[in-house]
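My notebook is open and I have a few spots to look up. I'll jot down what turns up, entry by entry.

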Amino acid sequence: MMVITAPTGHIGSRLLDILLDEAPTRGEELRVIVRDPGKLPETVRARVDVVAGSHGDAEVVDRAFADADAVFWLAPPDPRAPSLDAVYSEFTRAAAKAFTAHGVGHVVGVSALGRGTPVADRAGHVTASLAMDDLIAHTGVAYRALANPAFMENLLRQVASIRDDGVFTDVVAADRKAPLAATGDIAAAAAGLLLDRSWTGTGEVPVLGPEDLSPNDMARIMSDVLGRPVRYERQSLDDCRAALAGRGMAEALVEGYIAMMRAKDEGLDAGVARTPRTASPTTFRQWCEEILKPAVQG
């Protein structure tokens, strides 16, 4: 029995698609925890055991982890949470107890790059995510944290600006290259770990994408794929802070995001070398053709 949290998100939905194809051939059953089961397609609901509720709730995870051999763990975003700890470790605390209570053997979690770098202790959301990893690891389960850079899918928040104005924004220097990963590749990495549970102990599995790209590189590729000019505009940290607060994000989370972006500018994502084991296959051009272009045209 494998339990999937956040099965309607970018990563969880892709993971569930993979496991629906692969798990039955290996004698694996699937269970999902979802706040609103109606958000799952009817064809999916017919093939999985559904536990309704939040996976931050002790009673929900107690029911969901009964007889579970493996769990995919993702702490969902909560823009109005009072603290970063509330989003990550505090949200995970009930699950950590349930892992032990039910003898869950393997857990795969979504986390971030940065462990071991000089800025890891002042990187906002990333620092909190790494603390969550430590909480899970200390339960004694075999644990693998998927250590991710920025997601390509983050650009989908700016589809309107890309379509209407030919502009996307971020706070990093226009020529600063960094890793970038597609959520489909992160889901594939999670599926591989969940289906082959021969691993033991704790550790990280970086998912770095196939190449480092700067915002200027991304603008060039988007322009080619979309057939229209797209340019990058750098946003100041103060302007970014104001924009996040204007969208109703809690102050602690705004400051956590600013700290994370400042740390990225100081090398947070540069602590892991790209090798055949840490690279993932989806190029940014491929992602733009398959995901961004239909979104812009739609």
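**Entry 1: around H9.** I started just after helix H9, where Gly227 takes a positive phi of about 70°. Before going on, I noted that this is a predicted model, in which local features need pLDDT of at least 70 and side-chain atom pairs count only at pLDDT 80 or more, while totals for chains, interfaces and linings use all residues. Residues are numbered from 1 along each chain as its sequence is written, and side-chain values use heavy atoms, with hydrogens and water left out.

My labels come from DSSP runs, numbered from the N terminus: helices are H or I with at least four residues, strands are E with at least two. H9 itself has twelve residues and reaches 16 Å from its first C-alpha to its last. That is close to the 16 Å expected at 1.5 Å a residue (the expected span is 1.5 Å times one less than the number of residues).

I used buried for under 20% relative accessible area, exposed for over 50% and partly exposed for in between, with a 1.4 Å probe and protein chains only. The buried ones are Pro215, Asp217, Met218, Ala219, Ile221, Met222, Ser223, Val225 and Leu226. Their cover includes helix H7 (159-165), strands E8 (167-170), E9 (180-181) and E11 (231-234), and helix H12.

**Entry 2: H9 against H12.** Next I checked how H9 (residues 215-226) sits against H12 (residues 284-297): their axes come within 10 Å and cross at roughly 60°. Axes here are lines fitted to C-alpha atoms, for helices over the stretch in contact, and angles run from 0 to 180 degrees between N-to-C directions. H9 and H12 are therefore oblique to each other. For the cut-offs, under 35 degrees is roughly parallel, over 145 roughly antiparallel, 65 to 115 roughly perpendicular, and the rest oblique.

Contact means heavy atoms within 4.5 Å. On the H9 side I found Met218, Arg220, Ile221, Met222, Asp224, Val225 and Leu226, and they meet Phe284, Arg285, Cys288, Glu289, Leu292, Lys293 and Val296 of H12. The residues of this contact divide into nine nonpolar, no polar and five charged.

**Entry 3: Ala295.** While in H12, I looked at Ala295, which lies in that helix. Ala295 is partly exposed, at a relative accessible area of 30%. Leaving aside neighbours within four places in sequence, Ala295 is in contact with Leu156 and Val159.

**Entry 4: H5 and H6.** Helix H5 (residues 89-101) packs with helix H6 (residues 125-137) at an angle of about 15°, their axes 9 Å apart. That makes H5 roughly parallel to H6. Ser89, Thr92, Arg93, Ala96 and Phe99 of H5 make the contact with Ala128, Ala131, Met132, Leu135 and Ile136 of H6. By class I got seven nonpolar, two polar and one charged.

Entry 5: Most residues other than glycine have a negative phi. Which value does Ala6 take? Phi of Ala6 is near 50°, so positive in a residue that isn't glycine. Ala6 lies in the loop between strand E1 (2-5) and helix H1 (10-22), and at 18% relative accessibility Ala6 counts as buried. Asp67 has a positive phi too, about 70°. I placed Asp67 in the loop between helix H3 (58-64) and strand E4 (70-73), where Asp67 is exposed, with a relative accessible area of 66%.

How values were computed: Nonpolar A, V, L, I, M, F, W, Y, C, P; charged D, E, K, R; others polar.
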